[in-house]
Amino acid sequence: MTAHRKLTPGKLIIASHNQGKVREIQALLAPFGIEPVSAAELDLPEPEETGTTFAENALLKAHASAQEGDCVALSDDSGLCVAALNGAPGVYTADWAEADQYEGGPGRDWYMAMGKVEGKLAELGPDTPRNAYFACTLALAWPDGHAEVFEGRVSGNLVWPPRGQMGFGYDPVFQPVGFDQTFAELEPQQKHDMSHRADAFQKLVAASF
């Protein structure tokens, strides 16, 4: 088994244009002397996510930013997996939110996306299980092509209508196991401590620092 590479203090590219995701990763990296800069800040292009798994998409993004930015890059591919929907939306989590906006061009409408999930569950009947999990795959890539992958998840149940203002994406309908609040109702630090991203990040920290 190949030994993990260690990360050293300094610049690291977060291979994402999603500002909510970037903020979460920046908060997780803060204690380690890492100076995170997002792909959006560097004006790096977003590669087309053609993978069929979280790991494939995470690696695509990490490799692209590492090559373009000539620096170690960290990417995240994550999504909501609903058991009754055979794991959907899964790797297509963001695609379910794609919308045409009248002003400002295409964008993502997360309320619409949450409504799609709820509508599909409603079609299956009132007794349909509502358990789901958020999955996260973090990929680290170096300019020389070396890469490492770390996976995490958090389980919960879907609620309707959406509740809370503090999260992003599907957070307002996701109630983690053992809590009465949705991710969007929890204080950001509470979510950071228990999220799918935190689970994957703990594995990255154990291997990389």
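**Buried residues, pockets and paired strands**

Student: Is Glu24 buried or exposed?
Tutor: In this predicted model, Glu24 has a relative accessible area of 5%. Buried means under 20%, exposed means over 50%, and partly exposed is in between (1.4 Å probe, protein chains only). So Glu24 is buried.

Student: What kind of model is this?
Tutor: Residues are numbered from 1 along each chain as its sequence is written, and side-chain values use heavy atoms, without hydrogens and water. Local features need pLDDT of at least 70, side-chain atom pairs count only at pLDDT 80 or more, and totals for chains, interfaces and linings use all residues, for the model is predicted.

Student: Which helix holds Glu24?
Tutor: Helices (H or I, at least four residues) and strands (E, at least two) are DSSP runs, numbered from the N terminus. Glu24 falls within residues 19–29, and that stretch is helix H1.

Student: Which side chain makes a polar contact of 2.5 Å with Glu24?
Tutor: Glu24 touches Phe168, Lys191, His192 and Arg197, leaving aside residues up to four places away in sequence. Touching means contact: heavy atoms within 4.5 Å. The partner at 2.5 Å is Arg197.

Student: What volume does the second largest pocket have?
Tutor: Glu24 is one of its lining residues, and others include Arg23, Phe168 and His192. H1 and helix H4 (188–194) each supply at least two lining residues. A pocket is an open set of points on a 1 Å grid where a 1.4 Å probe fits, with protein on both sides within 12 Å along at least five of seven lines; lining residues have an atom within 4 Å of a point. Its volume, the space filled by probe spheres set on the points, is about 180 Å³.

Student: Which element gives the largest share of the lining of the largest pocket?
Tutor: The largest pocket has a volume of about 690 Å³. Of its 36 lining residues, the closest to the centre are Asn18, Lys21, Glu49, Ala94 and Arg108. Helix H2 (54–69), strand S3 (73–82) and helix H5 (196–208) each give two or more. The largest share, 4 residues, comes from S3.

Student: Which residue is the bridge partner of Lys11 in S2?
Tutor: Strand S1 (residues 10–14) is mostly covered, with 4 of its 5 residues buried. S1 runs parallel to strand S2 (residues 34–38), and 5 bridges join them. Strands pair if DSSP finds at least two bridges between them. In S2, Lys11 is bridged to Glu35.

Student: How far apart in space are Ala141 and Leu60?
Tutor: Ala141 sits in strand S6 (residues 131–141). Ala141 is buried, because its relative accessible area is 0%. Among the residues it touches are Ala62, His63 and Ala66. Ala141 and Leu60 are 81 residues apart in sequence, and their C-alpha to C-alpha distance is 9.5 Å.

Student: Is Ala3 buried or exposed?
Tutor: Ala3 lies in the segment before S1. Ala3 and Ala207 are 204 residues apart in sequence but 8.9 Å apart in space, C-alpha to C-alpha. Its relative accessibility is 62%, so Ala3 counts as exposed.

Conventions: Polar contact = N/O pair within 3.5 Å; in protein donor to acceptor, adjacent residues only side chain to side chain.
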